[in-house]
Amino acid sequence: NIDMDGVVDRVVAAAEETEEDEDVPFKIKFAREHKLTKLQLSNCWLKTIPNEVWELTHLVELDLSANYLKKVSKQIGNLVNLKRLRLNHNQLSVLPKELWSLPRLTNLFLNNNQIKTVPKEMRNLANLKTLDLSSNHINDFPIPQSSASPGLVSLIELRLRNNMLSTLSYQALSEMTQLQVLWLEGNPLQSLPKSILRKPAQTILAYLKDHKQVKARPAIEHKQRPTRK
């Protein structure tokens, strides 16, 4: 007996895959031919980023959110004009160092991935204004100060909620003098009162400075949110 339901499912899946294969290359080709500054490849069921994307050096905004990406090519360093990058709602755990060298990047969305560590090279993003790392597996946010890199001196909004942060030091955030929004909810930080979390970013920083370091409560299981919207 032929499993007609299975046949239908395979036909539908093949049709969807074909549609994706036709749509994504068309968008990339159109962006290249018309020198578009914005490319949206969100919800395209991508498992890898087409190499042709890295040839679009005129891009200012790139949206790759809500896909199935597990890695990003080091060729992302080619996109020197990029200001806004969305890689949220994927399956990323590691990012290439070339990402942290994009000179004009102002908005970076990495929320809802599988990132565990924050690389020190992130300090190179001196023009970054918004950084969203919410809903990952981050258990430390060191960002050590260094005279070799400017630091996140332009950062206005930092989102770190729903991670696994057990401690948070004032030193890690002290150079962010422009910070206005700091989201820390959903982390196992014991000594940081919930009432403080609702305060402006500079109030939180002042509290951290006075208390030097927020200590953790016993480790708890962290549940990752779904990786798709």
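D23 and K27 sit four residues apart in helix α1, which puts about one helical turn between them. (Helices here are DSSP runs of H or I with at least four residues, strands are runs of E with at least two, and both are numbered from the N terminus.) Their side chains meet in a salt bridge, 3.7 Å from N to O; the term calls for a side-chain nitrogen of Lys or Arg within 4 Å of a carboxyl oxygen of Asp or Glu. D23 is partly exposed at 33% relative accessibility, and K27 is partly exposed too, at 27%. The cut-offs are under 20% relative accessible area for buried and over 50% for exposed, with partly exposed in between (1.4 Å probe, protein chains only).

A word on the model: it is predicted, so local features need pLDDT of at least 70 and side-chain atom pairs count only at pLDDT 80 or more, while totals for chains, interfaces and linings use all residues. Residues are numbered from 1 along each chain as its sequence is written, and side-chain values use heavy atoms, leaving out hydrogens and water.

Helix α1 also holds K29 and E33, again four residues apart, or about one turn. These two side chains form a salt bridge at 4.0 Å, N to O. K29 is partly exposed, at 42%, whereas E33 is exposed, at 51%.

The whole structure has six salt bridges. One of them joins R159 to D132, with the closest N and O atoms 3.0 Å apart. R159 belongs to strand β6 (residues 157-159) and D132 to strand β5 (residues 130-132), so this pair ties together parts that are 27 residues apart in sequence. R159 counts as buried at 17% relative accessibility, and so does D132, at 5%. There's a network here as well: salt bridges link D132, E157 and R159.

## The nonpolar core

Which residues touch the most other members of the largest nonpolar core? They are L62, L133, F141 and L158, out of 59 residues in that core. A core of this kind is a set of buried Ala, Val, Leu, Ile, Met, Phe, Trp, Tyr and Cys residues joined through side-chain atoms within 4.5 Å. Helices α1 (4-33), α2 (194-197) and α3 (201-211) each supply at least two of its residues, and α3 gives the largest share, five residues.

Setting aside neighbours within four places in sequence, L62 is in contact (heavy atoms within 4.5 Å) with residues including W54, L79 and R86.
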